[in-house]
Amino acid sequence: MNLVIWVQYDTVATQDKAKEQNYLRQAFAALDKPKGSVNLRGVVESVPMPINKLNNVIDKRELAGVDCDLILVTGHDVDLAPILAEAEALGVDTSKFVLDRTVCLPGFTLEKYAALRKADLSILSMGWWAGIAYHKLGLPVLSPTVGMYTSEEHFMNFLPEARWHLKKDLHFERTEYNADLGLSYPIFWLDGTQWFMNGFTSDAEALEAWNERKAKINWSNVLITMHTSSPAVLERFDCLPYPKKACFVPFETELESGFYVNPALCGGNLFQAAEGIIKGDVQAYDVWDLLLYGKKTPLK
């Protein structure tokens, strides 16, 4: 595999934060299996930094002429969208770009990632699972349920007729302060279901994001995710009319949509264990098969 590394500099991040977010070594090791299979063609700096004295530096204006299979993007908490826009303007094949944090997800392959990029996946989740997935994968957000959460009961009331409910308007209820998060956030009602927008600081911001993202839902490729400790809720969830769905539970089950996770891996916290699947911290299932096909494939 011929590889180019694109270094995206973040002038805001401190050096310590940059180190915390640096997945490059892990990503390179994941790609270089068996060892020696990766041929590093060079390094592109988003902003040339003469003090770095890097080897094999490639001017990004010449990147379109470089023979490579993959362009690995690294940096502090990088947003892939503006990089892809710049690459397109430079005539570089944008399908070759992948974030280092994406490569670090267990089970990564170029084929599965390319398929997911083309799939226009919409993820509707009860909590932050969808948002974490879009961030980890560097994919455009095609879901309104990002940066917010709702209760298990309200999510189950929302799901059977989600498409119908989303035609209705959000109604602002109040702003609430969360001492654990140290912030205030708006709370809305949607056709009888309550939504806590804790990824936003104002009702106007939350409402704008919700309306913009719900218009982008790809109803032909939707994945539904939630977590529950109730076998009865799982049974109801399993009957929902969605081909791709995953409910993370703390017990073994033969139901197709039931994904067992061990909360003990996350201090007994089920929702953290569920989020650990998409973060790559809980290595129980192939997240790529889950995202692409809704399949419950154990990691080898």
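This report describes the strands, sheet packing and nonpolar cores of one predicted model.

## Basis of the description

The model is predicted, and local features need pLDDT of at least 70, side-chain atom pairs count only at pLDDT 80 or more, and totals for chains, interfaces and linings use all residues. Residues are numbered from 1 along each chain as its sequence is written, and side-chain values use heavy atoms, with hydrogens and water left out.

Strands here are DSSP runs of E with at least two residues, and helices are runs of H or I with at least four, both numbered from the N terminus. Strand β1 covers residues 2–8 and is largely enclosed by the rest of the structure, because six of its seven residues are buried; buried means under 20% relative accessible area, exposed over 50%, and partly exposed in between, with a 1.4 Å probe and protein chains only.

Strands β1 and β2 run parallel and are joined by six bridges; two strands count as paired if DSSP finds at least two bridges between them. Trp6 has Val44 of β2 as its bridge partner.

Val43 belongs to strand β2, residues 39–45. With a relative accessibility of 12%, Val43 counts as buried.

## The four-stranded sheet

An open sheet with parallel pairing has the strand order β5-β9-β10-β11. Its edge strands, β5 (122–125) and β11 (258–260), each pair on one side only. Strand β10 (residues 244–249) pairs with β11 over three bridges, and Val249 has Tyr260 of β11 as its bridge partner.

Helix α10 (residues 231–238) lies across β9 (222–227), β10 and β11, and runs at about 175° to β10. Axes are lines fitted to C-alpha atoms, for helices over the stretch in contact, and angles run from 0 to 180 degrees between N-to-C directions; contact means heavy atoms within 4.5 Å.

## Nonpolar cores

A nonpolar core is a set of buried Ala, Val, Leu, Ile, Met, Phe, Trp, Tyr and Cys residues joined through side-chain atoms within 4.5 Å. The largest one has 61 residues, of which Leu63, Phe97, Ile123, Trp129, Phe248 and Leu291 touch the most other members. Helix α6 (residues 129–137) supplies the largest share of this core, six residues. Another core, of 30 residues, lies apart from it and includes Met148, Phe158, Leu166 and Met226.
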